[in-house]
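Take a look at the structure shown here.

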Amino acid sequence: MSQMISLKIDGEPILVPAGTTVMDAAETLGIHIPRLCYHPELSLEGNCRVCVVQVEGFDHCLASCATTAWEGMEVQTNSPVIREARRDIVELLLDNHPKDCQTCDRDGVCELQNLAYRMGVRERHFEGRRKQFPIDDAGASVVRNAEKCILCGRCIRVCGEVQGVFNLSQHGRGFTTVVGPANLAPMDESACIQCGQCVSVCPTAAFLEQDHTERVWKALGFPRTEKHVVVTTAPAIRAALGEAFGLPMGTPVTGKMVTALRRMGFDAIFDVNFSADLTIMEEAHELLKRLEGGGPLPLLTSCSPGWVSFLEKFYPELIPHMSSCKSPMQMQSTLIKTYYAQQKDLDPRDIYVVSVMPCVAKKFEAARPEHVLDGSPTTDAVITTRELAQMIKSYGIDFTRLPDSDFDHPLGTSSGAGDIFGATGGVMEAALRTAAFKLTGRNLGNLELTEVRGVTGEIREASVTLAGKTLNVAVANGLQNAKVLLEAVKRGEKDYHLIEIMACPGGCICGGGQPYPPIGTYTMNHDLARARAKALYSIDSAKTLRCSHDNPDVQKLYANFLGEPLSHRAHELLHTHYTARTPRGIR
Amino acid sequence: MSECLPCSTDNWPDLERGYRAMLPREILAFIDAHRHQERSESMLIATLHQVQAHFGHLGPGHLEAVAQLMQIPLAKVTGVATFYHYFRLQPRGRYLINVCLGTACYVKGAEKVAQKLQDELGIRFGETSKDGIFSLESTRCVGTCGLAPVVMIGDEVHGPLTPSLVPGLLESYLARAAEDLVAEPSR
């Protein structure tokens, strides 16, 4: 047991383990010291000074997040001096911030706005010059608005520490300090991999996703005879959408979500889970083919577009290892405009495909030149979970009171293996369920591969013996973790057959496009990730259909349209290729 | 499709060769000597000093070469280069104009002279005119307060100046630059 030290906070004596910060010590007493730049999953920076406290013997205030408690320390968290200092700090931040809360994307979910309210800021005492910077909104996925930036540095930290991309840094100095990519280049011309974690951790609206809601409203506004508007939802949406309507974290809302989409006027509501099952069929066969000597191992999964960008920019030499499977979203959109169009006798040009994704990078993926059909993008719009929630609210749908309903067919049927795609390790588990069947001719006795489950950052490994063959697999989420794994593979220390990588920490359930957690809960919070993962695993375990190869509509698709997995047609429609790109960042 | 594409994609040797070609041998030796030391990134500022001493400024290519060869994120490198006043991101012009903003010059209206210079040249402090003739910087007291407000162009002192004298002054240097060009066209 570590050494305990005693201190007093606001006159109350308390014992804490040595090394505890004043902020955390106060928290155990039920005192929540206001904070802004602090993020529990990132390194400490102590630059906003909002969390200042008074300490006996010091004539200046100390930042409680970055001050370790010491024996005999006496701390005041709410003295008149501190209250005034803290309020002045927030007011000074506000003075250099646009006064457009009502029209801001973060209105109501803004940490700065919330803090100003809690500090009792009711008027502006300071009026001065305000920083002015152009908005970079030309990017496919991420919009950077430096005027909203309060220089807390969370985006810089998440981009480097969690994602290993190091695309952002402060530039200039003093009043004109600005956060951006190298040379303040546009996001799409920088090393950015579009994961959107900067959007997730930003306390204000300095980083946002590129808005696609207007184009969706426009599509829905066309006469039904002119446009057939199809929506398709990713596995992770159902685990998080409810949070935007005040439901507890991790409430599964599949049925309500489908009903809401139907009320909004979509002509067909499909499930990307269907194509998750299809991805497994293709990817499992790709793995088996490579195991027979047909290609380089380990095989790397290719569902996460942030990870795909990362590979192309940082590990181009591993491109031959990447699965050639399109992401489930792109498989789904392609099938909507080919298979479904054929079934419904529709001209693909009259079909408008909207994908709902937990992901900011999917917007970039949809705009990639590989993903076109007859010259136009296969996926016409990608909205994040946040954008969908906003659209539902804007429509006036009372989400929590909605009855449940089911997806349309044929692209709405899915196995539990498709559902768990949204959590880190889920693709691996789903793939092994089908690989096991293909190798042994029967389903695994226990379908739940708990070795690859778990939403924290650790790299997870498992060995599965199937029909005398031992498969070594590994799973990583968060690209800094992926780097560690890939470097070990490159050095020859590890010998895997299959590696699943998801760009975002925790997987898609904690993607850059998921609802902002309520104030006081932070992105990457393990309880939040666990709750969302649990929602998906519970959907899976409640289904009778749990393996991708058992999905009857997937079987029909192969029988009537594609032939067999990896067939010429499947390759033409469901597979893609990758391109080495500079900049090659640091390793 | 993808399975048919021959992939030879490790572009690092090519990139590295290109980056090494952008820097002189002594700077490469400096980077190589520190590359594998602990906290080698702390040599960044020292490296940038050498690059600027060699080229006169830090161009985008130089910064990228330093970032890649030192394996420091480019955003960090451009962040550092833009933070320090000493680093210049643009080549310096033929004539460096230093406007004295020391107390005496300031009181005597240096700010108006500075504004006129910026308007005439179409640049701000720290920048270089499009034709590459003038760079504009500010300085503190040059020790000739009797001539306030003072402007130095190259190593020549001009003062006392008024905004109305600025166009003629610039004109004289432009003429000199044109003469030099005739005398030594290679420059």
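Start with one residue, A:Leu311. Set aside its neighbours within four places in sequence, and A:Leu311 is in contact with A:Leu318, A:Ile319, A:Met322 and A:Tyr578. Keep in mind that this is a predicted model.

Now widen the view. A:Leu311 belongs to the largest nonpolar core, which has 193 residues. A:Leu311 is among those with the most contacts inside that core, and so are A:Cys155, A:Cys198, A:Val230, A:Val354, A:Ala431 and A:Ile509. Which helix gives the most to this core? Helix H8 of chain A, residues 272-294, does, with eight residues.

The axes of H7(B), residues 110-121, and H8(B), residues 166-183, come within 10 Å and cross at roughly 50 degrees. The two helices are therefore oblique to each other. Their crossing is right-handed. H7(B) brings B:Val113, B:Lys116, B:Leu117 and B:Glu120 to the contact, and H8(B) brings B:Val166, B:Pro167 and B:Leu170. Five of these residues are nonpolar, two are charged and none is polar.

Next comes another pair in chain B. H3(B), residues 44-55, and H4(B), residues 60-70, have axes that come within 11 Å and cross at roughly 145 degrees. This crossing is right-handed. From H3(B), the contact uses B:Leu44, B:Thr47, B:Leu48, B:Val51 and B:Phe55. From H4(B), it uses B:His62, B:Val66 and B:Met70. Here six residues are nonpolar, two are polar and none is charged.

Definitions and conventions. Residues are numbered from 1 along each chain as its sequence is written. Chains are lettered from A and ligands numbered from 1 in the order in which they are written. This is a predicted model: local features need pLDDT of at least 70, side-chain atom pairs count only at pLDDT 80 or more; totals for chains, interfaces and linings use all residues. Axes are lines fitted to C-alpha atoms, for helices over the stretch in contact, and angles run from 0 to 180 degrees between N-to-C directions. Helices (H or I, at least four residues) and strands (E, at least two) are DSSP runs, numbered from the N terminus. A crossing is left-handed if the near helix is turned anticlockwise from the far one by less than a right angle, and right-handed if clockwise. Two residues are in contact if their C-beta atoms, placed from the backbone, lie within 7 Å. Ala, Val, Leu, Ile, Met, Phe, Trp, Tyr, Cys and Pro count as nonpolar, Asp, Glu, Lys and Arg as charged, and the others, Gly among them, as polar. A nonpolar core is a set of buried Ala, Val, Leu, Ile, Met, Phe, Trp, Tyr and Cys residues joined through C-beta atoms within 7 Å. A residue is buried if 20 or more other C-beta atoms lie within 10 Å of its own, exposed if 12 or fewer, and partly exposed in between; C-beta atoms are placed from the backbone. Angles under 35 degrees count as roughly parallel, over 145 as roughly antiparallel, 65 to 115 as roughly perpendicular and the rest as oblique.
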